[in-house]
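Here are my notes on this model, as numbered points. Please read them with the structure open.

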Amino acid sequence: MFLVTMACANGLVALGLMLLLRAGLVSFGQALYFCLGAYAAGGIGRFFGVSDIFLQMLAGALTAGFFAFVLGFLLARYRGIFFGLLSLALSMILYGLLVKSQALGSTDGFNIQPSTLFGIRPGPEWVRYSVLASAAIVALGLALAVHRYLRTPLGQLGPAIKDNEIRVEYMGASARRAVHVKYVIAAVLAGVGGALAATTVGHIDPQMAFWTTSGEFIFITILAGIGSVVAPFAGALLYGIIHTTAYDLSPNTWQMSLGLSLLLIIVFLPEGLWSLVRKMRMQNARHS
Amino acid sequence: MPVILDAQGLNKSFGAVTAAKDVSAAIEKDAVVGLIGTNGAGKTTFINMITGYLKPDTGRIHFEGRDITALAPREITRLGICRSFQIPQLYSSLSVFDNMMIGVGIVLDNARLGGFFSRGRIWETRPVPGFGKPAEAVAEHLLARFGLSDYRNRNAQVLPGGVRKLLDIALTMVAKPRVLLLDEPTSGVSAEEKFGIMQMVLDAVRAEGATVLFVEHDMEVVSRFAQRVLAFYDGRIIADAPPAIALQDPEVKRHVVGRARA
């Protein structure tokens, strides 16, 4: 159950990365918004006594969205490696600030009280179910919203920007605005994911903003592929299973197993797991 | 005919190189104007200044009476001045049809008709401004107009050179331009195909109601299709007249026609 809930949380972050990747942008610092979302969720509990799971997610989304809106004015000007490294640098600034912040628990972070649901505090045995149900509902809703967004003119500009930004501009659209919007959406998704992860784990610390966390999200996105809004969640679940299994089997060398699986994906399925689904659909279409 | 595009006193330098020297031209509505000159004479700089890619150091450009000198390319496009490219600028990972749909989507989005909360199925059902048809019908209409319907589902990356040129121009027509600037529409096209392609392009473009400026090196194409010629040399316009007169101008013969034939 923990794995599935975390797959919803991580899948939301990967869904945002998918949006950026479709426009040819790789963010090496998406953990910035994951961590902001987690600290916003933890913060409203710690300082204002709010523990409703939906309010926590809303706080995560708004905080991440606000920071992405402001930072987006800078980041939307850059492409390629500059975009990636700038996003990485910003996430490491947050990491540095959190490590130095005594009020937020410094390197240890702090614990989060079990979530409530519309003012009701579920019994200890029900908390996990209520968090999972909330996570699933929100993940489904956001995935559908992103699916719809991808079919709007602004949403379908992703591959166009990746292919030919000059043409996009000369057809009357602002590539920078389109990237800015995608960046904010990706951050909001990561913020909700961070809030969900925080309440699922029950603890937050600055490690959530560390660059290796961003790396895990990129891992999930590459593993999943960018062909569908379902892919990031499937990828996140598979990542969770690989991670847990590798850790159980070999606690000292689990990273090697992860690396090996990524290597296999890149060599044999460069477009991610979702390309398997696409191939199967094409075969079915041919047979019928 | 009223003047639709008016460039006055344009100057542009890149360090020691002067790409435009006091370039002035008033283009009448519905005209077909050929821009000629050797490489580096200032034709593309002129197009780049009109479409906002380059800002002139001095001088002003007016479109339908409005000063557009300081506007960005996308703002100029939205006003109704579009351009094609010498090297076709396509969305190479997408199909021909999807290339067109990206363009139609941009037009609808700019008209605030393509948002997330559009009513109906989604934006594809909205009539596209200037065409009065839904997006897919506009894409099909323009593909047919440019003889591209057979390539509808082909990936843009694998198209033959002439087809890439046509798609590049068809993409500009999505925004229903009132002025269209074509940068060497027949370059890279075989000699036999040149006249056919140019005829098709001009028929299609004029049918959509656009004023045309085209850059061309082939003087036969210019004399057959242009109503007026602007001859560029060393950043200046050295002749501005109908082709029969401009191409006989001694200076044009010395600096442009002679070299083009050579």
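1. Start with two helices of chain A. The axes of α2 (residues 31-48) and α3 (residues 53-75) of chain A come within 8 Å and cross at roughly 135 degrees. Axes here are lines fitted to C-alpha atoms, for helices over the stretch in contact, and angles run from 0 to 180 degrees between N-to-C directions. α2(A) and α3(A) are therefore oblique to each other. (Angles under 35 degrees count as roughly parallel, over 145 as roughly antiparallel, 65 to 115 as roughly perpendicular and the rest as oblique.) The crossing of α2(A) past α3(A) is right-handed. (Right-handed means that the near helix is turned clockwise from the far one by less than a right angle, left-handed anticlockwise.)

2. A word on the basis. This is a predicted model, where local features need pLDDT of at least 70, side-chain atom pairs count only at pLDDT 80 or more, and totals for chains, interfaces and linings use all residues. Residues are numbered from 1 along each chain as its sequence is written, while chains are lettered from A and ligands numbered from 1 in the order in which they are written. Helices (H or I, at least four residues) and strands (E, at least two) are DSSP runs, numbered from the N terminus.

3. Another helix pair in chain A is α1 (residues 2-22) with α5 (residues 124-150). They pack at about 20 degrees, with axes 9 Å apart. That makes α1(A) roughly parallel to α5(A). The crossing is left-handed. A:Leu12 and A:Leu15 are among the α1(A) residues in this contact, A:Leu132 and A:Leu142 among those of α5(A). The contact's residues divide into 14 nonpolar, two polar and no charged.

4. Now the interface. In chain B, 26 residues are in contact with 20 residues of chain A. α2 (73-79) and α3 (96-110) of chain B each supply at least two residues of the side that touches chain A. α3(B) gives the most, with eight residues. That side of chain B has 13 nonpolar, nine polar and four charged residues.

5. Chain B holds an open sheet of four strands, in the order β2-β1-β4-β5, with antiparallel pairing. (Two strands pair if DSSP finds at least two bridges between them.) β2 (17-28) and β5 (66-67) of chain B are at the edges with a single partner strand each, so one side of each is left without a neighbour in the sheet. Two bridges join β4(B) (residues 58-63) to β5(B). B:Phe63 has B:Arg66 as its bridge partner.

6. Finish at β9 (residues 228-233) of chain B, which holds B:Val229. Is B:Val229 buried or exposed? It counts as buried, with 26 C-beta neighbours inside 10 Å. (Buried needs 20 or more, exposed 12 or fewer, partly exposed in between.) Five bridges join β9(B) to the antiparallel β10(B) (residues 236-241). The two strands form a hairpin with two residues between them.

Note on methods: Contact = placed C-beta atoms within 7 Å. Nonpolar A, V, L, I, M, F, W, Y, C, P; charged D, E, K, R; others polar.
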